[in-house]
Amino acid sequence: MAALRGRWPTVVGVLAGVGLLTALPALVPSFYVTLSTRIIVIAMFALAFNVVFGMGGMHSLGHAAFFGLGGYTVGLGVTRWDWSFTVIVLVALALGAFVGLAYGILTQRTNGIYLLLLTLALGQAIWGLAFQQVEITRGDNGISGVTRELVPLVGTGALSYYHFVLLVALASTGSLWWFSLSPVGRAIVGTRESPTRMAALGFRVGLYRNIAFVVSGLFSALAGVLYTWHHRFVSPDALLWEMSAFILIVAIVGGANTFLGPALGAAVIISLEFWVSLHTQRWMTVLGLVYVLTILFLPEGIVGLGGRLRRRHASVDVPVIPEPTASRSGRSHE
Amino acid sequence: MASLLSHVLNGLSFGSLLFLVASGLTLTFGLMRALNLAHGAFFLLGGYVALDLLGRTDSYWLAMLGAVVVVGLLGVAFERFLVHRVLHRELAQVVLTIGAAFVIADQILAYWGGRPVMPPRPPGLGGSVTIGDLTFPWFRLSLIVIALVVFVSLWLLINRTRVGAMIRASVDDEEMARSVGIRVPVLFMAVFGAGSALAAFAGVWGGAFTGLEPGGEFSILLLALVVTVVGGLGSVTGAFVAGLGVGLVDEFGKSLFPSFALFTIYAPVALLLAIRPRGLLGRVER
C-alpha cells in the first residue's frame with residue numbers, strides 16, 4: 001500500500017467517479033443515458049488515440065480507420081456473416097492491432113507534417129474501400145439493423161447497454177492506465193521526448209512506435225465496436241478523415257498531456273454538440289470555432305488550463321511539460 | 001482511339017484544375033511551411049461569391065475579378081490574424097485551418113443553401129472543337145491552357161524576378177533574409193493571399209467543370225493535397241507534373257476499376273509518403 005501514500009485523493013476521486021457513472025441511469029432521464037453512452041464511447045476512443053498522440057507524440061490524422069474497422073466488423077458480422085459475439089470482438093481487435101502495426105511500419109520514417117499526411121492518406125484509402133465496395137458495405141447508405149441480440153447484456157434496453165459500455169470502457173481505461181505506467185509505456189514517452197537519446201540508450205525506437213500504434217489501434221477498434229452497437233448503424237462516416245480530426249480535437253481540448261484529459265474533452269465536446277444543436281443548426285460553425293479557439297487560447301487543453309493557473313499563482317517552479325501541440329518537425333530527429 | 005484520346009484530354013483538364021488548386025497550397029507550404037487545409041474552402045467560396053456577383057452585375061469577368069479579389073483579401077487577413085500566430089507549429093496550423101474550413105463551408109451552407117450549383121462557363125468558350133471523330137469542349141481545353149500559363153508565370157516569377165529571388169531567399173534562410181532587409185512577414189502575407197486568390201480563380205473557372213456544393217471543398221482539397229504531396233511539398237514544377245498525373249490516374253481509375261477508384265488514388269500516395277516523404281521533386285529536409 002506504500003505506493004498509494006499521498007494518493008488517497010486520487011483513489012477516492014476515481015472510486016467516486018466510477019460510482020457516479022454506475023448510478024447515473026437512476027439519477028437522470030433515459031435520454032441523457034443515451035447521450036452518456038455516446039460520451040463514454042468517444043472518450044474511450046480518445047484515450048486509445050492518445051496512446052499514439054499524447055504519449056507517443058505522433059500526430060495521426062488517420063485514426064478513424066481503426067474505429068471504423070471495428071464498427072464495420074460488427075455491422076457486417078451481425079447482418080451478413082452471422083458471427084458470434086466472441087468472433088466479432090476478436091476479429092475487431094485483431095483488425096485494429098493488425099492495421100495499427102501496418103500504420104506503425106509505414107510511418108517509421110516520417111514525422112511531423114509528413115506523418116500527418118501519411119496517416120490521412122492511409123485512413124482515406126480504407127474509407128475509399130468502404131465507400132466504393134458497395135456490394136459488401138452498401139456504400140454510402142451504410143449498414144442499418146445492427147441488433148444487440150448478441151451482446152451479453154443483463155436486462156434489455158438503453159440502460160443495460162449503458163452498463164455494458166461502461167464496464168468495457170472502465171476495463172479498457174484501467175488497461176491503458178496500467179500500460180502507460182508499464183516499462184513499455186514509459187519507453188514510448190521516452191521516444192516522444194527524444195528518439196535519438198532513446199536510440200543511444202539501446203531502445204529500438206521503431207519497435208516502440210509500432211507498439212503504440214498496435215495498442216492504440218486495438219482499443220480504438222473496440223471503441224468502434226461499441227459505437228456501432230450503440231447506434232445500431234454504421235456508415236463510411238465512421239471511417240472518414242473528419243472522424244480522425246474530431247478525435248484529435250477532442251484529445252487536444254481535454255488535454256493530451258494527461259491520461260484522462262481526452263476523456264474530459266469527449267464529455268465537453270459531445271455535451272456542447274448536444275446543447276448547440278438544441279438552439280441552432282450551425283453546429284459545424286461552432287465546432288470549427290472550437291478548433292480555432294482551442295489552438296489559439298487553449299493549446300494545452302482544459303486540464304492544462306488548470307495547470308497554467310496554478311503555475312501563475314505558485315511561487316515554486318512547476319516543471320513545464322512540453323505541449324504536444326507544438327510541432328516536432330522531422331528536422332530535429334534527422 | 002478517339003475515346004482513349006478523349007479520356008486523356010479529360011484527365012489532363014481535370015489535372016489542370018487540380019494543379020490550379022494545388023499550386024496555391026504548395027506555394028504557401030514551400031515558403032512558410034504552412035499547410036492550409038482551408039484552401040478547399042477558399043476554392044468553394046470563390047465560386048459562390050462569383051455566382052452571387054454574377055447575379056448582381058450580370059458580367060462574368062467582373063464577377064470573377066470580384067471573387068478573386070475578395071477571397072485573396074480574405075486569405076491575407078486569414079494569414080495575418082490566424083495562421084501567422086501558429087507559424088512553425090505544424091499540428092496547430094492543421095487543426096486551425098481545418099476549423100476555419102468548417103466555419104467557411106457551414107456559413108456558405110447557411111447563406112447560399114446546400115443545393116449543388118454550377119457557375120456558368122466563361123463567355124466565348126461554350127462550344128466544342130471537333131478533330132476527326134473526336135469532339136471536345138473548348139472550355140476543358142482552355143483549362144489545360146490556363147494551367148500551362150499559370151505554371152509558366154509562377155515558374156518565371158519564382159526563378160526570374162526580384163520578388164522570386166526574395167521568396168527563394170526567405171525559403172532558404174528566413175533569418176538571413178530578414179537581416180538583409182527582406183520583409184518576410186509581408187512576403188508571407190502576399191504569397192498566402194496570392195495562393196488564396198488562385199484557389200478562388202480555380203473555384204470560379206473549375207467550378208463550371210466539377211460543380212460546387214458545401215462539403216465538396218474537402219474532396220477537392222484532398223485531391224489537391226495528393227497532388228502537392230506527390231509533386232513534393234513546396235515544388236511548383238512537381239505540382240504541375242503530379243497534377244496532370246493524378247488527373248490521368250483519376251480519369252482512368254474511374255473508367256477501369258470504378259469500385260477501387262478512391263483506393264487507387266490514396267493507397268499509392270500513402271506508399272509514396274512512406275518510402276519517399278519528400279515526393280517526386282520535393283527538396284530534402286534540412
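Predicted model: local features only at pLDDT ≥ 70, side-chain atom pairs only at ≥ 80, totals over all residues.
Biologist: Why is A:S172 called buried?

Modeller: Its relative accessibility is 3%. Buried means under 20%, so A:S172 counts as buried.

Biologist: Where is A:S172, and what is it in contact with?

Modeller: A:S172 is in helix α7 of chain A, residues 157-181. Neighbours within four places in sequence aside, A:S172 is in contact with A:M44, A:F219 and A:L222.

Biologist: What makes α5(B) roughly antiparallel to α8(B)?

Modeller: The axes of α5 (residues 138-160) and α8 (residues 184-210) of chain B cross at roughly 165°. Angles over 145 degrees count as roughly antiparallel, so α5(B) is roughly antiparallel to α8(B). The axes come within 10 Å. The crossing is left-handed.

Biologist: Which residues make that contact?

Modeller: From α5(B), they include B:F139, B:L143 and B:I146. From α8(B), B:F201 and B:W205 are among them. By class, the contact has ten nonpolar, one polar and one charged residues.

Biologist: What else is B:W205 in contact with?

Modeller: Leaving aside neighbours within four places in sequence, its contacts include B:Y60, B:W61, B:M64, B:P122 and B:L125. B:W205 is also one of the residues that touch the most other members of the largest nonpolar core.

Terms used
Residues numbered from 1 in each chain as written. Chains lettered and ligands numbered in written order. Heavy atoms only, no water. Core = buried A, V, L, I, M, F, W, Y, C linked by side-chain atoms within 4.5 Å. Buried < 20%, exposed > 50% of the residue type's maximum accessible area, 1.4 Å probe, protein only. Contact = heavy atoms within 4.5 Å. Axes fitted to C-alpha atoms, helices over the stretch in contact; angles between N-to-C directions. Helix = DSSP H or I, 4+ residues; strand = E, 2+ residues; numbered from the N terminus. Parallel < 35°, antiparallel > 145°, perpendicular 65-115°, else oblique. Left-handed = near helix turned anticlockwise from the far one by under 90°. Nonpolar A, V, L, I, M, F, W, Y, C, P; charged D, E, K, R; others polar.
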